[in-house]
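Please look through the structure shown here, which the paragraphs below take up region by region.

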Amino acid sequence: MSGTRPVKHLPDFLLRNARILSDRTKILPLLPKGGHIAEVGVMAGEFSRTMIEVCRPERFYGIDLFLIHEMPQVWGRPTSEMFKGQTHQAFYEARFAREIARGQVQVLAGDSKTMLERIPDYSLDVVYLDADHTYPSVIAELEVCSRKLRPVTGLIVLNDYIMRDDAGPYGVIQAAHDFMMSHGWEMVAFALEENMYCDVVLRKLPASRCRRIARRLPLAAGYHKLGRF
Ligand SMILES: C[S@@+](CC[C@H](N)C(=O)[O-])C[C@H]1O[C@@H](n2cnc3c(N)ncnc32)[C@H](O)[C@@H]1O
């Protein structure tokens with residue numbers, strides 16, 4: 001495929017714990033409850049709302065450039081209609097005004113990598129990546145995420161695990177595979193989407209057999225606060 005970076009073949013051991021889900025909303029009940037979540041690329045906040053309702057995070061970071069109002073249209077819809085005549089950021093902040101007031105939602109306006117750096121190291125339970133889908137951007141986000149997530153239980157969800165669309169090639173699959181192989185992360189879920197804009201969930205491989213067993217024990221004992229992966 002012209003203009004497309006080659007995809008590294010994943011070894012089986014990075015896929016052996018992956019389950020397949022019918023769509024991305026099925027990921028949410030499997031994530032930790034009451035944790036710290038960052039969504040990178042929020043648009044109008046549709047999926048932020050769903051994540052907040054299902055995962056009830058103690059802290060939710062909504063990260064975006066918040067510049068979409070400068071475009072006349074997006075996804076065939078006037079942005080003035082999408083944001084009710086407000087700027088992108090004003091619309092998002094109004095939508096989550098209650099959650100912002102009680103300190104649950106924090107809005108971080110700017111480039112994804114810079115904004116992720118503002119979050120304390122090793123504090124996040126989940127990052128949902130859905131911003132710039134080019135290879136350099138996604139691989140840089142993944143590098144930052146590996147420092148921002150809790151070391152053993154942290155999860156990365158990548159949206160748009162697809163090779164390309166009408167706008168051109170994506171780099172999500174290549175970045176995900178390169179990151180998994182260089183940093184030792186495995187795929188634990190693959191969520192379908194009708195046009196194959198799929199999601200994948202990644203987690204760090206345990207460093208040793210003991211750690212692998214220790215990770216399974218709470219789940220086996222019915223303790224699900226840390227999620228069900
Ligand atoms: C596909 S939309 C996100 C959709 C949202 N996650 C959902 O499922 O409802 C992509 C968003 O990423 C933002 N974005 C693109 N590049 C970015 C970057 N480098 N840093 C931060 N946000 C970015 C855009 O402004 C846009 O709002």
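**A glycine, a ligand shell and a helix pair**

Glycine 103 counts as exposed because 9 other C-beta atoms lie within 10 Å of its own, where C-beta atoms are placed from the backbone and a residue is exposed at 12 or fewer such neighbours, buried at 20 or more, and partly exposed in between. The model is a predicted one, in which local features need pLDDT of at least 70 and side-chain atom pairs count only at pLDDT 80 or more, while totals for chains, interfaces and linings use all residues. Residues are numbered from 1 along each chain as its sequence is written. Glycine 103 sits in the loop between α4 (97-101) and β6 (105-109), helices being DSSP runs of H or I with at least four residues and strands runs of E with at least two, numbered from the N terminus. Glycine 103 and phenylalanine 91 are separated by 12 residues in sequence and, C-alpha to C-alpha, by 18 Å in space.

Around the ligand there are 16 residues, of which Gly41, Phe47, Ser112, Ala131 and Asp132 come nearest; a residue is near if its C-beta atom, placed from the backbone, lies within 6 Å. At least two residues of this shell come from each of α1 (46-55) and β3 (59-64).

Helices α6 (residues 135-148) and α7 (residues 172-183) have axes that come within 8 Å and cross at roughly 35 degrees, the axes being lines fitted to C-alpha atoms over the stretch in contact, with angles from 0 to 180 degrees between N-to-C directions. Tyr135, Val138, Ile139, Leu142 and Ser146 of α6 make the contact with Val172, Gln174, Ala175, Asp178, Phe179 and His183 of α7, contact meaning C-beta atoms, placed from the backbone, within 7 Å.

Technical notes
Two residues are in contact if their C-beta atoms, placed from the backbone, lie within 7 Å.
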